[in-house]
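I open these notes as a record of what I looked up in one structure. The entries follow the order in which I went through the model.

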Amino acid sequence: MRESQQVEERVAAISDLADWDRATAAAGDKLVVLEVESERLCQTGLDEEPELQWKADQAAALAPCQGIKHTFARIARECPDVKFFSLSADDPDAGPLLDNLGIEVVPSVQFWKAGRLLWEHRGVSQLEQDLGEGVLYFGDSAAGGVKGSEHVTELHSREDLDSFVSSQEERVLTVVNLSISGADPCIHIFPAVLALARSFKGYAAFGRLMGDENSSTQAVLQAYNIMEVPTFLFFKNGKEVGRHVGSSRGDLIGKILQVQSEYGVAPPPPPKPAGAVPRRRR
């Protein structure tokens, strides 16, 4: 099958409320990602939109949105467990649906699950980055077919948390990422959490608990007096030994290395570049 055919099958066009209702009903509990785009409009989403006086200015302003289309198609192709839909704001029948969705800026990308809006990015500014991060955070899908939950254990209750913490080996630092849905800092840091989980195998074990998922996860936030998210709890031998608050990748890495150093655990060697040839001894 040609790539263009695969993309067409992965991104379905919708045009009105009836299409949207059928699409979301068919998706069930799967993540639904909706792209709202236009051939005539490409807004930044910033407070001040530039005034375009000449045709050349207008063509240049539309160019970033053309790139977004390719990114959306590529991510759709790489994430088969997520449902992708596209809505043209230029379609004369789209008005009622645009109003229903609350679309005020084009382009926009919305993330839905089970009929509930989880998160939205408005405007072309940083849209490519937020699109990939949102699909990973809410849909468990990353580039190359990587599943986040294969490396970061999903915790859905206090019992899950306690079991995860108690099951780790003595030398391993247990890192529990406490987040809530729809919080920008939590979404933006999660690709770094996944990257660390993949590179720190045997050194640190990562889990994620969404504090607003249910009453049990809400109780976890209260029990640990969590005032800000994301918060990362560190455990050794079943006991909390530290925490980090914030979405700085560098600070998170530094804290993990610091805690492990205090327990005499050396960090793993850096991964070898792809295609690297071992140096021969003379």
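**Entry: cis peptide bonds.** I began with Pro230, which is found in the loop between α8 and β9 (231-236); helices (H or I, at least four residues) and strands (E, at least two) are DSSP runs, numbered from the N terminus. A cis peptide bond joins Val229 to Pro230, with omega at about 0°. I then turned to Pro107, whose place is in the loop between α4 and β4. Val106 and Pro107 are also joined by a cis peptide bond, with an omega of about 10°.

**Entry: basis of the notes.** The model is predicted, so I note that local features need pLDDT of at least 70 and side-chain atom pairs count only at pLDDT 80 or more, while totals for chains, interfaces and linings use all residues. Residues are numbered from 1 along each chain as its sequence is written, and side-chain values use heavy atoms, with hydrogens and water left out.

**Entry: overall make-up.** I find 9 helices and 10 strands in the protein. Of its 282 residues, 43% count as buried; buried means under 20% relative accessible area, exposed over 50%, and partly exposed in between (1.4 Å probe, protein chains only). I also looked up contacts, meaning heavy atoms within 4.5 Å. Among contacts with a separation of 6 or more, 70% are between residues 24 or more positions apart.

**Entry: positive phi.** Most residues other than glycine have a negative phi, and most peptide bonds are trans. Ala114 is not a glycine, yet I read a positive phi of about 55° for it. Ala114 lies in the loop between β4 and β5 (116-122), and it counts as exposed because its relative accessibility is 58%. Asn225 has a positive phi as well, near 55°. Asn225 is in the loop between α8 and β9, and at 54% relative accessibility it counts as exposed.

**Entry: disulfide.** How many disulfides does a search of the whole structure find? I record 1 disulfide, a disulfide being a pair of cysteine sulfur atoms within 2.5 Å. It is formed by Cys42 and Cys65, whose sulfur atoms are 2.0 Å apart. The pair links distant parts of the chain, 23 residues apart: Cys42 is in the loop between β2 (32-37) and α3 (55-78), and Cys65 is in helix α3. The disulfide is right-handed because the torsion about the S-S bond of Cys42 and Cys65 is about 90°. Both Cys42 and Cys65 are buried. I checked two further cysteines: Cys79 counts as buried at 2% relative accessibility, and Cys186 counts as buried at 0%.

**Entry: nonpolar cores.** In soluble globular proteins, nonpolar side chains tend to be buried together. A nonpolar core is a set of buried Ala, Val, Leu, Ile, Met, Phe, Trp, Tyr and Cys residues joined through side-chain atoms within 4.5 Å. The largest nonpolar core has 65 residues, of which Val33, Phe84, Phe111, Val135, Val176, Phe206 and Ile256 touch the most other members. Helix α7 (residues 184-199) gives the most to this core, with 9 residues. Apart from this core lies another, of 16 residues, among them Ala27, Leu34, Ile103 and Val106. I then looked up Phe84: leaving aside neighbours within four places in sequence, its contacts include Arg10, Val33, Phe72, Cys79 and Val135.

**Entry: Ser179.** Is Ser179 buried or exposed? Ser179 counts as buried, because its relative accessibility is 0%. Its place is in strand β7 (residues 173-179). Not counting residues up to four places away in sequence, Ser179 touches Tyr137, Cys186, Leu209, Met210, Gly211, Asp212, Val229 and Pro230.

**Entry: Val105.** Val105 is found in the loop between α4 (95-101) and β4 (108-113). At 14% relative accessibility, Val105 counts as buried. Not counting residues up to four places away in sequence, Val105 touches Gln43, Gly45, Arg122 and Gly123. Val105 and Val124 are 19 residues apart in sequence, and their C-alpha atoms are 9.2 Å apart in space.
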